[in-house]
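Welcome! Take a moment to look over the sequence and the 3D view, and then let us walk through them together.

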Amino acid sequence: MARLPPYELDRPIVVLDGVAYTPRGILEEVERGTPLGERLQRMVESQVAALHQEELEELAKLRIRLALSQAPPRILFVALTYPPKRLTPEELLREVEAGTPTGRQFIEAEKQVIRMVLARVG
Amino acid sequence: MPRFGVALLVEPSRHYLEYSSCVMRGIADQFRNRLRIVELVGGDANPSRIDEALAAEDPIFFWGVGHGNVDVWTVECMQTYMRACDERTRKMAGRVVHLNSCLTANQLGPDLVQKGTLAYYGHKTEFWLIVSDPPCSTKRVTSVFDAELTVEKSLFSGRTTGEAQRDRMKAYDDEIRYWTEGPGKGDPLAPQILWCLNIDKSGAVFLGREDVRITGAAVPWLAYAVPAVAAFTVSSLAAYALAKPRARVVA
């Protein structure tokens, strides 16, 4: 966990039985020695979450929703396209939820971040 | 034939393009003593001024930021500069070209290389940035350009086009590490910046020759020495041949 950036501690990293768990939540379960903690630890160590594409997709969307809901509303995401694209966090979230080509790029980018995080905590 | 050691930088400012242009000006400042750098800034980054500068300077290297699409690249105020298959693409023949823009690697970039551009850097995906602060005021707004414009830092330092591409990809990894392990890991916007870096890295394309140095030959005096030695050798052989006594046939 010490190898994770602080903002990752409270972002969901695995989904088990339909529930998303953050690194901090997983650590608490592991420290309490619960059966759930053991399962979560095994999942993270074997990076099982990364193997299920549908779960990975949902996890990426969930993390994007959280990140955008916490982002300052004044920021913009700008693409050097012609014609230009200029999206507020809210507009970007709509692209992600609708699965547009723009939204897909961000989902794929977030999947890369998830893989990187799992590699560090695993 | 384009002139080695000369770079033309097209630096428009409107429609968020200043975010890239100001980073490029910082890079240019570091290299002015090593090569001739010609910049077209703001309103001067327009099609007619670009054509004039190309004709007057005939630079080996061309860089520009602009809004683009698969077959088009635009400059200040989104004036179209060139489209795939139009005549202007021929103006890039013999040069190394970097278009900091979205999507041009799909049609325009391959067309440029087909028309004789030596090497091309661009993007097959959209190129994203975060606009959270004024241009060049924070690492948040420079990070994607610090990675992408590594191409220029490398080429201006005398590295080859292929080496510059490898430096560019490594620079993206370095920027990603900055926001995950380095000083940026505590920034609340780090997740959003990582999206942009991951997208921009995944779409970064290089086409063309890997062995070109825009600063000229690896050892510049070779450019003069090789023809001089060759000329001396030829003239010596000719003189020897003329001076040599004819062989006599003895019966």
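A few notes before going on. This is a predicted model: local features need pLDDT of at least 70, side-chain atom pairs count only at pLDDT 80 or more, and totals for chains, interfaces and linings use all residues. Residues are numbered from 1 along each chain as its sequence is written, while chains are lettered from A and ligands numbered from 1 in the order in which they are written. Helices (H or I, at least four residues) and strands (E, at least two) are DSSP runs, numbered from the N terminus.

## The six-stranded sheet of chain B

Now look at the sheet around β7(B). Chain B has an open sheet of six strands in the order β2-β1-β3-β7-β8-β10, with mixed pairing. Two strands pair if DSSP finds at least two bridges between them. The edge strands are β2 (36-41) and β10 (204-208) of chain B, each of which pairs on one side only. On average, neighbouring strands of this sheet are turned by 15° against each other, direction ignored. For such angles, axes are lines fitted to C-alpha atoms, for helices over the stretch in contact, and angles run from 0 to 180 degrees between N-to-C directions.

Strand β3 (residues 59-65) of chain B runs parallel to β7(B), and five bridges join them; Val65(B) has Asn100(B) as its bridge partner in β7(B). β7(B) is also joined by three bridges to strand β8 (residues 119-123) of chain B, again in parallel, and there Val97(B) has Tyr120(B) as its bridge partner. Between β7(B) and β8(B) the chain passes through helix α3 (residues 108-114) of chain B, in a right-handed β-α-β crossover. Right-handed means that, with the strands pointing away from the viewer, the path from the first strand over the helix to the second runs clockwise.

## The edge and the helices

β8(B) pairs with β10(B) in the antiparallel sense over five bridges, and Tyr120(B) stands opposite Leu207(B) in β10(B). Helix α1(B) packs on the sheet, touching β1, β2, β3 and β7 of chain B, and its direction makes about 150° with that of β1(B). Helix α6 (residues 161-180) of chain B packs on the sheet too, touching β7, β8 and β10 of chain B, with its direction at about 175° to that of β10(B). Residues are in contact if their C-beta atoms, placed from the backbone, lie within 7 Å.

## A three-stranded sheet

Chain B also has an open sheet of three strands in the order β4-β5-β6, with antiparallel pairing. Its edge strands are β4 (68-69) and β6 of chain B, each pairing on one side only. Two bridges join β4(B) to strand β5 (residues 72-74) of chain B, where Asn69(B) has Val72(B) as its bridge partner.

## Where the chains meet

How many residues does each chain bring to the contact? Chain A brings 21 residues and chain B brings 31 residues. On the side of chain A that touches chain B, β3 and α5 (101-121) of chain A each supply at least two residues, and α5(A) gives the most, with seven residues. By class, this side has 17 nonpolar, three polar and one charged residues. Ala, Val, Leu, Ile, Met, Phe, Trp, Tyr, Cys and Pro count as nonpolar, Asp, Glu, Lys and Arg as charged, and the others, Gly among them, as polar.

Pairing of strands also links the chains: four bridges join β3(A) to strand β9 (residues 128-131) of chain B, and the two run antiparallel. Leu76(A) stands opposite Val131(B) in β9(B).

Most residues other than glycine have a negative phi, and most peptide bonds are trans. His15(B), which is not a glycine, has a positive phi of about 55°, and is found in the loop between β1 (3-11) and α1 (18-31) of chain B. A cis peptide bond joins Tyr82(A) and Pro83(A), with omega about 0°.

Definitions and conventions: Two residues are in contact if their C-beta atoms, placed from the backbone, lie within 7 Å.
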